[in-house]
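Me: Could you walk me through this structure, please?
Reply: Gladly, let us take a look together.

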Amino acid sequence: MRAIDIIDSLYKKQEASREDLLWLIENRSTDISQALFERAAAVARAHFGNKIYVRGLIEMTNYCRNDCYYCGIRRSNAAAQRYRLTEEDIMQCCEAGYGLGFRTFVLQGGEDMYYTDDMMAEIISAIRTKYPDCAITLSLGEKTRESYQRLYDAGANRYLLRHETATPEHYAKLHPAELSLASRIECLRSLKEIGYQVGCGSMVGSPYQTLDNIVSDLLFIKSFAPQMVGMGPFIPHHDTPFAHEKAGTAELTLFLLAIVRLMNPKVLLPATTALGTIEDNGRELGVLAGCNVVMPNLSPLSVRKKYMLYDNKISTGDEAAEARASLEKRMRAIGYEVVTERGDYQD
Ligand code: 5AD
């Protein structure tokens with residue numbers, strides 16, 4: 001059967017041709033998905049056992065200079081209530097998170113020029129000094145190579161920068177002309193050269209996306225060989241140009257996550273918040289399809305509702321401690337253990 005042959009090839013060679021990937025996605029069924037998920041989860045277990053790594057997400061600013069058509073914190077959204085965390089706020093998030101067993105802090109935000117490189121370097125080195133055993137991940141968008149180097153030298157270890165879509169024409173339909181896929185990829189290359197563990201990734205079911213675009217994402221990820229991949233469904237936000245577009249499905253997202261796992265066996269692959277938002281047990285299903293990371297929110301409750309990239313984002317009301325406990329319970333229920341390890345990429 002062609003599907004089984006393709007899944008076998010993905011498993012044995014970690015690759016498949018464009019035609020085969022396209023065929024597999026187009027012809028997916030419940031049976032094919034099940035076979036794929038089993039293989040992907042087995043590969044994840046071979047590398048990570050039943051361990052699930054956690055990352056404490058600190059959403060430090062929702063100011064953004066960009067105007068991505070899909071994103072709720074785009075600069076043109078006048079309805080967004082903007083906020084910025086101070087260094088002290090951020091340190092408090094880390095302190096609470098450390099006590100809960102988090103050993104990776106992810107500083108995420110819009111492209112907010114209020115935080116100069118000096119300020120970011122100061123915040124990063126404060127975290128680095130106080131928590132020498134923790135990984136610091138940045139998710140702050142496009143910067144110059146010099147800025148990336150500066151923040152790396154200050155003590156950051158990892159950088160998440162989704163490529164969003166690997167097809168330039170599709171990229172242009174999701175972003176204003178001032179943004180380009182070429183510059184995004186240039187950033188990703190610089191980050192890797194500097195020595196960051198790098199994460200790229202895309203949205204599933206974003207407006208105008210074709211299956212061919214999706215296959216290009218899979219092939220791009222394979223060739224870029226990132227240490228992390230962030231892939232979640234597109235979810236419309238009511239105050240954006242894409243307010244009335246359809247959301248991506250959990251079903252297709254899970255299928256693609258499993259393919260990503262087979263093509264990139266050791267990659268750190270989170271079951272995203274967006275996946276948990278469109279489907280009740282989305283994050284559990286993600287783990288059962290090969291994901292090995294979850295990223296609970298450590299942001300102060302007072303700002304949670306303001307960091308709305310898309311509608312109905314989950315865990316806006318849970319205290320970090322509650323979120324961690326409930327996650328542990330959910331993971332244990334499917335046979336997985338949330339662990340305290342840093343969970344660095346292992347070659
Ligand atoms: N739906 C899903 N994901 C989104 N992101 C931004 N807006 C949305 C949305 N409406 C994702 C982008 C970005 C990451 C931080 O959040 O992929 O890289």
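**A buried site and a helix pair**

Me: Is Ser139 buried or exposed?
Reply: Welcome to a predicted model, where local features need pLDDT of at least 70, side-chain atom pairs count only at pLDDT 80 or more, and totals for chains, interfaces and linings use all residues. Residues are numbered from 1 along each chain as its sequence is written, and side-chain values use heavy atoms, leaving out hydrogens and water. Buried means under 20% relative accessible area, exposed over 50% and partly exposed in between, with a 1.4 Å probe and protein chains only. Ser139 has 12% relative accessibility, so Ser139 counts as buried.

Me: Which residue does UniProt list for "binding site", and which strand holds Ser139?
Reply: The unreviewed UniProt entry lists Ser139 for "binding site"; UniProt positions follow the numbering used here, feature names are shortened, and annotations may be inferred rather than shown by experiment. Strands (E, at least two residues) and helices (H or I, at least four) are DSSP runs numbered from the N terminus. Ser139 lies in residues 135–139, strand β4.

Me: Which residues does Ser139 touch, not counting residues up to four places away in sequence?
Reply: Contact means heavy atoms within 4.5 Å. By that rule, Ser139 touches Val106, Leu107, Gln108, Gly109, Tyr159 and Leu160.

Me: Which residues of α5 and α6 meet?
Reply: On the α6 side are Ser147, Arg150 and Leu151. Their partners in α5 are Asp117, Asp118, Met120, Ala121 and Ile124.
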